[in-house]
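Thank you for passing this structure on. My notes follow the model, and they are set out as numbered points for someone meeting it for the first time.

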Amino acid sequence: MSEHIVKILEANFITHDVKRFLIEKPKGYTFMPGQGTDVSINQEEWKDKMRPFTFTGLNKWEHLELMVKIYPKSNGVTKQMGRLNAGDEIILHDVFGAIQYKGPGVFIAAGSGITPFLAILRELARNKQIGSNKLIYSNKTSEDIIAGAELSDMLKDNFINVLTRENVVGFLDKHITRDFIIEHIQDFSRPFYICGPDKFVSDMVKILVDLGAKMEALVIEH
Ligand SMILES: Cc1cc2nc3c(=O)[nH]c(=O)nc-3n(C[C@H](O)[C@H](O)[C@H](O)COP(=O)(O)OP(=O)(O)OC[C@H]3O[C@@H](n4cnc5c(N)ncnc54)[C@H](O)[C@@H]3O)c2cc1C
């Protein structure tokens with residue numbers, strides 16, 4: 001397994017609990033949009049604690065970008081990452097990830113599950129290929145939405161926000177249920193990209209397959 005010690009160049013909170021890191025890119029380090037790596041913190045007691053994160057920037061960028069949801073209640077890696085700033089070091093490992101773009105379809109994300117899709121959509125936008133791709137993005141409240149303005153700019157009317165705990169004008173206040181999917185998706189033969197907590201992913205897979213989506217057209221992280 002490869003190890004790359006890299007410096008954090010910028011670190012700032014982009015929501016109340018999501019921190020964005022701009023990081024040095026090791027020479028020759030490449031990835032596909034949707035992929036990520038195991039990250040650990042280059043401090044004695046944290047070096048061996050690796051956690052997976054997805055690159056949100058593009059391979060062509062000079063630096064790497066991560067967006068990390070911080071869980072302050074557990075004394076884990078993300079809580080410690082919440083304390084890191086420019087100049088601190090992290091360790092990157094081999095690139096991995098099964099989520100890749102397989103053609104126009106529907107992206108369904110919950111919370112920090114947006115990260116692989118942000119990279120894919122940024123790449124599509126850069127190549128002027130956003131086309132009919134649609135994103136359904138579920139969060140607890142509007143304050144939890146990651147990169148909302150950018151996603152809205154890229155996808156226009158094909159960006160559907162679902163808020164499970166808030167009733168705000170302009171946002172749908174409900175869960176992504178079978179009826180919701182029927183209302184918003186007409187074509188079940190296109191690829192579906194799904195990312196979020198395990199239960200969210202398995203619920204979505206069940207609904208979509210039930211409505212006629214083919215298992216091989218579902219793109220999920222295994
Ligand atoms: C392939 C892959 C890519 C990922 N990419 C990203 C990314 O780009 N950005 C990002 O913010 N996260 C991402 N994650 C999730 C991230 O790896 C975890 O949030 C992280 O490992 C938590 O580490 P910790 O040591 O702080 O938390 P732990 O101490 O392990 O857990 C802290 C608390 O958070 C809860 N928790 C941990 N992970 C999740 C989760 N995924 N969903 C809901 N609750 C959770 C736990 O139940 C626990 O209560 C990715 C996960 C995978 C598998």
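**Notes on the predicted model**

1. In this predicted model, contacts in the protein chain between residues at least 6 apart in sequence are joined in 69% of cases by residues that are at least 24 apart.

2. The protein chain contains five helices and eleven strands. Its radius of gyration is 17 Å, close to the 17 Å that the globule rule gives for 222 residues, so the protein chain is as compact as a globular protein of that length. The C-alpha trace spans about 50 × 35 × 30 Å along its principal axes, and buried residues account for 33% of the 222 residues.

3. The domain assignment divides the protein chain into domain 1 (4-96) and domain 2 (106-219), and the C-alpha centres of domain 1 and domain 2 are 24 Å apart. The contact draws 13 residues from domain 1 and 13 residues from domain 2; on the side of domain 1 that touches domain 2, six residues are nonpolar, six are polar and one is charged.

4. The ligand is surrounded by 18 residues, of which the closest are Arg 51, Lys 69, Gly 76, Thr 78 and Thr 115. The elements that contribute two or more residues to this shell are β4 (51-54), β5 (64-69) and α1 (77-81), and β4 gives the most, with four residues. By class, the shell around the ligand comprises seven nonpolar, seven polar and four charged residues.

Technical notes. Residues numbered from 1 in each chain as written. Predicted model: local features only at pLDDT ≥ 70, side-chain atom pairs only at ≥ 80, totals over all residues. Near = placed C-beta within 6 Å. Nonpolar A, V, L, I, M, F, W, Y, C, P; charged D, E, K, R; others polar. Domains from an automatic or database assignment. Contact = placed C-beta atoms within 7 Å. Rg over C-alpha atoms; globule rule 2.2 N^0.38 Å. Buried ≥ 20, exposed ≤ 12 C-beta atoms within 10 Å, placed from the backbone.
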